[in-house]
Amino acid sequence: MNEAIDRIASRQHCLITSRQLGTLGHSRRQVAAYRRKGSLLATPYLSVHRLPGGPVTWIQTVHAAVLAAGPDAFISHATAAVLWALLHVCRDYAGMHVTARHVVRIPGITAHTISLGEHDTTVTQWVPITTPERTLMDLAGTLSIVDLGQCLDDGLRRRIINLERLRQGVATAPHAGRRLLLPLHELMAERIPGYRPGDSDWERRMDALWDSLGLEAGDKRCRVKVNGHTYFIDRAVPELKIGAEYNGHEFHHLKSDRDHDAQRAAELSADGWHIIFFTDATRPETLRNSVQRIVDDRRRWMFGQPVVDQARR
């Protein structure tokens, strides 16, 4: 292979299309020879090839689908919702959805033929995709109003959905599709300026678990400023600089999320914070023992207070 191929594939999750190879001057016969030699590997789509050495991931398969659909195609609908981590779609996700201006007929891909505006599309993780607002509009006709509202609140909570952009998108939607957007009209009418989406269902369950274990009450969504940055810790005991983070499986699955989390953790640690991470799979007794041990150690270290014998509590 050559540098030009590597350069293109490096921005496409180790993928390259037959069209791109042709543009670089590689004939069909040469591409077939690369496949026989193992220099190019198969993907679920005949027109898309994978370079050896890189891991096979879900996001790579998603990128392969949109590349197979053509240069004017975008990941959309339920697939886009999973990539944006909109919770209530992730739970029931199945299939691969793309939207393009032209008709796409590729086995394994559900294609939607729509002309998208420039404000309807973006790129995340190198993948051409519909914006969170457009994704929500596409799902308005398939989700219940309850699930749609939870997706909207989840996007608002994580600041990936902007209500004004969503209103503009709905207002300029083609007349033929406006009936499907009526649930969004209803939801946006309830979300007036100053509206707060509150905690997610998962965060409320984790708060209930925390309280049921009799742990230090602490502060919920504790605001902390470090090096000019403002961070929010799910549950914190500020005077001891102890925090607990609830890592739901639906969150933090994109590289950009993980990079942000790593930077955040490093800055909090440098400021003296001890952050405990747990998920809904963490055993309650493990959480209780971990938190209490850290609380006792911090009290002894910071204030010289004796450790409370847990057997007597």
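Reader: What makes the sheet of β1, β2 and β3 open, and in which order do the strands lie?

Author: This is a predicted model. In it, 3 strands lie in the order β1-β3-β2, paired antiparallel, as an open sheet. β1 (15–17) and β2 (41–42) are the edges. Each has a single partner strand, so one side of each has no neighbour in the sheet.

Reader: How do you know that β2 and β3 pair?

Author: Count the bridges. Pairing takes at least two bridges between two strands. β2 and β3 (residues 48–50) are joined by 2 bridges and run antiparallel. So they meet the cut-off and count as paired.

Reader: Which helix lies across β1 and β3?

Author: Helix α4, residues 58–69, does. Its direction is at about 15° to β1.

Reader: Why is M96 called buried?

Author: Its relative accessibility is 8%. Buried means under 20%, so M96 qualifies. M96 sits in the loop between α6 (87–90) and β5 (97–100).

Reader: What is M96 in contact with, beyond its neighbours within four places in sequence?

Author: Y45, T61, V62, A65, T79, G108, I109 and T110. Take T79: it is 17 residues from M96 along the chain, yet their C-alpha atoms are separated by 5.8 Å.

Reader: What makes the pair Q20 and Q12 a polar contact?

Author: The distance between their side chains is 2.8 Å. Q20 lies in helix α2, residues 18–23. Leaving aside neighbours within four places in sequence, Q20 is in contact with I8 and Q12.

Reader: How many salt bridges does the structure hold?

Author: It holds 10.

Reader: Why is the pair D120 and R134 called a salt bridge?

Author: The N to O distance is 3.8 Å. The limit is within 4 Å, so the pair passes. D120 is in the loop between β6 (110–113) and β7 (121–124), and R134 is in helix α7 (residues 132–139), 14 residues apart. D120, R134 and D138 are linked in a network of salt bridges.

Reader: Are D120 and R134 buried or exposed?

Author: Buried means under 20%. D120 has 17% relative accessibility, so D120 is buried. R134 has 13%, so R134 is buried too.

Reader: What does the salt bridge between R191 and D153 tie together?

Author: The closest N and O atoms of R191 and D153 are 3.0 Å apart. R191 lies in the loop between α10 (182–190) and α11 (201–212). D153 lies in helix α8, residues 145–157, so the pair ties together parts 38 residues apart in sequence. Relative accessible area is 6% for R191, and D153 is at 11%. R191 counts as buried, and so does D153.

Definitions and conventions
Residues are numbered from 1 along each chain as its sequence is written. This is a predicted model: local features need pLDDT of at least 70, side-chain atom pairs count only at pLDDT 80 or more; totals for chains, interfaces and linings use all residues. Side-chain values use heavy atoms; hydrogens and water are left out. Helices (H or I, at least four residues) and strands (E, at least two) are DSSP runs, numbered from the N terminus. Contact means heavy atoms within 4.5 Å. Axes are lines fitted to C-alpha atoms, for helices over the stretch in contact, and angles run from 0 to 180 degrees between N-to-C directions. Buried means under 20% relative accessible area, exposed over 50%, partly exposed in between (1.4 Å probe, protein chains only). A polar contact is a pair of N or O atoms within 3.5 Å; within protein, one must be able to donate a hydrogen and the other to accept it, and residues adjacent in sequence count only if both atoms are side-chain atoms. A salt bridge is a side-chain nitrogen of Lys or Arg within 4 Å of a carboxyl oxygen of Asp or Glu.
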